[in-house]
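Here is a short report on selected local features of one protein model. Please keep the viewer open while reading.

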Amino acid sequence: MKLILFIFALVVTEMLSAQVTISGRVINKETGEAMPFVNIIYNQKKEGLTSNIDGRFLIDNVEKVEFLQFSYVGFKNVLIPKDSIYLIKNGTVFLYEKNHNLKEVVVYPGENPAHRIIKQVIANRKLNNPDKLSSYSYTAYHKMVFTIDAKKVQKNVSDTLSLSKPVKDSSSIKIKEFFDTQHLFLMESVSNKKFRFPAQHSEEIIATRVSGFKEPSMVILANQLQSFSFYDDMITLAESRYVNPIGSGSTKKYFFNIEDTTYTERGDTVFSISFQPKKKKNFEALKGVLQINTFKYAVQSVVAEPVEPNGIIGIEIKQQYKLIDDTYWFPIELNTNLIFYSMIPEEGKIKFNPIGIGKTYIEDIKVNHEIKRKDIGNIDFEVNETAHKQSDSLWNMYRHDSLSVQDIRTYEVIDSIGKKHKLDLKLKFYKTLFNGYYPVSFVNIDFSRMLDFNVYEGFRPGLGLYTNDKLVKNVSLGGYFAYGFQDDRIKYGASLDYTLSAKKDLKLGLNYKSDLGESSGYQFLENPGMNSTESYRYWFIQDMTYVEEYKFDFQFRPFRKFKSLLSIRQFDKVNTSGFFFNNGGEADFSEQKYHFMETAVQLAYTPNETLFFIDNEFMNSYGSTPALYANVSKGFKNEFGDFDYLKIETKLLLSVLTKNFGKTNLVVTAGKVFGDLPYFELYNGHASYYDFTIETANSFATMRMNEFLSDQFVAIYLRQDFGSLLFKSKKFKPEILLITSFAFGNLKSPELQQEIDFRTMENGYFESGILLNNLIRSANIMGLGFGVYYRYGHYAFSETKENFAYKLSFTFDL
């Protein structure tokens with residue numbers, strides 16, 4: 001009998017020693033969530049590894065395993081002896097949160113030992129930053145789930161079940177039962193990305209699946225939430241920018257603490273270092289944990305989140321890196337967790353937070369191989385037209401885990417809802433609405449024409465109708481009319497636009513209008529976006545000229561990030577202010593009607609904007625810098641035009657974000673006219689003064705409308721936006737901006753412009769001001785503030801109070 005037991009023991013021992021791998025998953029016992037980057041030590045030499053971004057771990061060689069010790073910041077350590085390891089094979093290890101918060105930071109004399117490591121990481125940033133490689137490519141699988149905060153639901157259910165008396169309101173239990181079977185929303189995508197140094201990249205979505213939809217627009221969300229790597233000075237999370245804890249000078253702003261140390265089989269040391277902002281340091285800060293591998297002192301993993309929520313969405317990111325070709329560190333897994341603070345449905349007094357859980361897995365990584373410029377193309381982000389039709393076999397190739405019962409149920413339920421309620425049509429409807437049009441069958445109603453206002457016309461109601469693709473694909477035919485109460489005149493126009501190639505942004509246009517435009521104004525081929533305040537200036541325009549125009553234009557993109565618009569137009573302008581152009585009798589302008597024949601080219605170069613091509617529609621991001629715009633117009637004197645001239649205008653936008661001073665914005669505009677033209681074809685000072693008004697960016701707040709006139713000018717607008725760096729409390733976070741603007745101009749032949757009052761700017765126009773934005777904040781989206789500007793220098797008024805301008809500021813963060 002003893003012999004049999006001995007033999008049995010030998011067999012069991014042999015079986016255990018023959019176990020090639022040990023694997024499992026680390027789970028937060030309280031929340032049920034997987035725990036990434038948990039330190040796992042397996043012998044006295046402190047050799048070990050970390051769990052991956054999904055909390056999974058795999059030990060290939062068990063011969064070195066003496067025990068398993070699991071540790072993570074804020075959690076109790078778990079030690080599993082060697083004779084118990086078999087119990088967790090392919091199983092689960094639970095970690096329990098400690099019952100105390102992080103202690104207050106105490107700084108002792110001498111250098112923090114973590115600083116030596118962090119300084120090494122900073123010194124090796126260029127070496128380890130994937131965006132400094134000559135090229136790379138990869139395939140990525142993205143998955144994003146939207147659901148309800150399970151931790152909050154479970155707590156409310158536990159509280160409900162613990163009550164001794166019967167509870168009538170069982171909403172928490174019903175919500176838990178619902179989310180135990182399905183999610184609110186689910187989407188997946190597979191993409192191929194190529195990168196070529198210094199900043200050329202393209203990403204093509206080859207497969208998409210979105211619960212309830214076939215329209216693929218929402219797949220952008222999974223790709224745009226966080227910086228691809230953790231090495232830039234500023235880290236982008238949900239379009240907000242934060243100071244990187246491994247950026248230059250970070251040891252002066254962040255407190256670092258070495259929480260744990262492990263060793264890899266190849267002999268490298270891995271330090272787990274927590275970080276948080278130092279006390280009394282006011283900046284856009286992150287908190288979290290870095291794992292630093294001493295091989296090249298690279299980031300092996302990171303967990304980070306903003307110290308304070310910024311806007312309506314809270315965010316936490318997790319990134320894991322791997323050595324490629326045993327040489328280059330590269331991201332292989334990216335997680336993004338979202339929480340929607342202002343989208344919280346209520347049941348009685350109970351609130352449930354909608355959350356988003358995004359995961360990206362990167363594979364087929366190739367580094368420093370040949371990628372030619374032509375391989376990148378002109379589009380940054382494209383969804384293949386067959387992406388939503390991919391087979392299950394393709395999905396199974398890229399999914400890291402098969403779909404769960406909840407996932408399958410979500411697709412079944414939400415797809416049926418989408419089909420029943422025609423969610424694809426509704427999404428297209430809202431997209432059209434967001435672009436300023438209300439679609440009704442095959443016609444789009446132009447919102448911008450329905451009601452407008454400026455000082456010259458007063459209120460301007462109207463209507464604009466344009467056909468869409470439901471009538472004829474790639475063709476839009478339409479027109480508009482409007483009426484100004486102040487000037488008592490009807491305006492109208494018509495247009496025919498034909499899209500030759502949506503993917504190449506290639507369009508032809510024919511236009512006619514009988515309308516008006518700002519006298520001495522200028523426009524560039526730009527769209528500042530919804531967050532810009534520049535468009536407010538239109539409301540204060542007091543001097544306008546009536547125009548009748550016939551125009552043909554051709555839009556195309558000759559190079560990457562380069563847009564152009566060529567046009568030929570004939571237009572007549574009529575001025576009703578009593579102005580007279582004194583050209584020595586060369587032409588008869590007694591009827592105040594001036595004829596122009598002009599060809600023009602408008603150019604826009606925006607190297608850092610992101611270009612999207614989704615659902616046969618070309619889109620771009622707004623507000624990227626640097627940006628350079630230019631207009632060149634040539635007028636001809638012939639039977640259709642009275643003037644021979646050349647006009648050149650340029651605009652440069654630069655924006656620099658720094659850790660200590662916030663954002664510095666510089667805008668430079670300039671223009672020059674070669675030839676003699678009536679005043680309404682020259683340049684005004686780009687003023688925005690009108691008693692007590694709304695603050696308008698990149699204009700002169702104290703300059704009176706049409707106070708100055710030039711045929712050549714240069715204007716510079718400088719803004720230093722400190723954000724909340726200078727002052728911030730928990731509930732009051734005003735943003736402080738210091739502004740200085742100045743301009744120089746000249747008018748070669750002022751005697752040509754008769755019966756009109758104006759000044760010239762040879763001596764330079766100067767003003768400065770201060771803005772306090774977001775004194776009142778609404779829904780974390782809209783802010784109300786106040787500003788004061790002062791005019792000084794040669795053109796200052798003798799009465800001091802006339803040099804001040806007071807402004808309300810309205811800002812949007814969308």
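Is Thr545 buried or exposed? The model is a predicted one. In it, Thr545 is buried, because its relative accessible area is 1% and the cut-off for buried is under 20%. Thr545 sits in strand S30, which covers residues 544-559. Its side chain has a polar partner: the side chain of Ser519, at 2.6 Å.

**A four-stranded sheet**

Strands of a sheet pair through backbone hydrogen bonds, either parallel or antiparallel. Which sense applies in the open sheet of four strands? The pairing there is antiparallel, and the strand order is S3-S2-S5-S6. S3 and S6 (78-81) stand at the edges. Each has a single partner strand, so one side of each lacks a neighbour in the sheet. From one strand to the next, the twist averages 15°.

Strand S2 is residues 39-41, and three bridges join S2 to S3. Within this pair, Ile40 has Leu49 of S3 as its bridge partner.

**The second largest pocket**

Leu49 comes up again here. Rolling a probe the size of a water molecule over the atoms shows where empty space is left. The second largest pocket has a volume of about 960 Å³. Its lining counts 33 residues. Which of them are closest to the pocket centre? They are Leu49, Thr50, Leu58, Gln320 and Lys322.

Several strands give two or more residues to this lining: S3 (48-50), S4 (56-59), S17 (313-324), S18 (328-340) and S21 (354-367). The largest share, five residues, comes from S17.

| Class of lining residue | Number of residues |
|---|---|
| Nonpolar | 13 residues |
| Polar | ten residues |

How many residues lie between S25 and S26 in their hairpin? There are three. Strand S25 spans residues 451-454, and strand S26 spans residues 458-467. The two pair in the antiparallel sense, over four bridges. Phe453 stands opposite Phe459 of S26.

Notes: Residues are numbered from 1 along each chain as its sequence is written. This is a predicted model: local features need pLDDT of at least 70, side-chain atom pairs count only at pLDDT 80 or more; totals for chains, interfaces and linings use all residues. Side-chain values use heavy atoms; hydrogens and water are left out. On a 1 Å grid over the protein atoms alone, a cavity is a set of points where a 1.4 Å probe fits but cannot get out, and a pocket is an open set with protein on both sides within 12 Å along at least five of seven lines; lining residues have an atom within 4 Å of a point. Grid points are joined across faces, edges and corners, and a volume is the space filled by probe spheres set on the points. Ala, Val, Leu, Ile, Met, Phe, Trp, Tyr, Cys and Pro count as nonpolar, Asp, Glu, Lys and Arg as charged, and the others, Gly among them, as polar. Two strands pair if DSSP finds at least two bridges between them. Axes are lines fitted to C-alpha atoms, for helices over the stretch in contact, and angles run from 0 to 180 degrees between N-to-C directions. Buried means under 20% relative accessible area, exposed over 50%, partly exposed in between (1.4 Å probe, protein chains only). A polar contact is a pair of N or O atoms within 3.5 Å; within protein, one must be able to donate a hydrogen and the other to accept it, and residues adjacent in sequence count only if both atoms are side-chain atoms.
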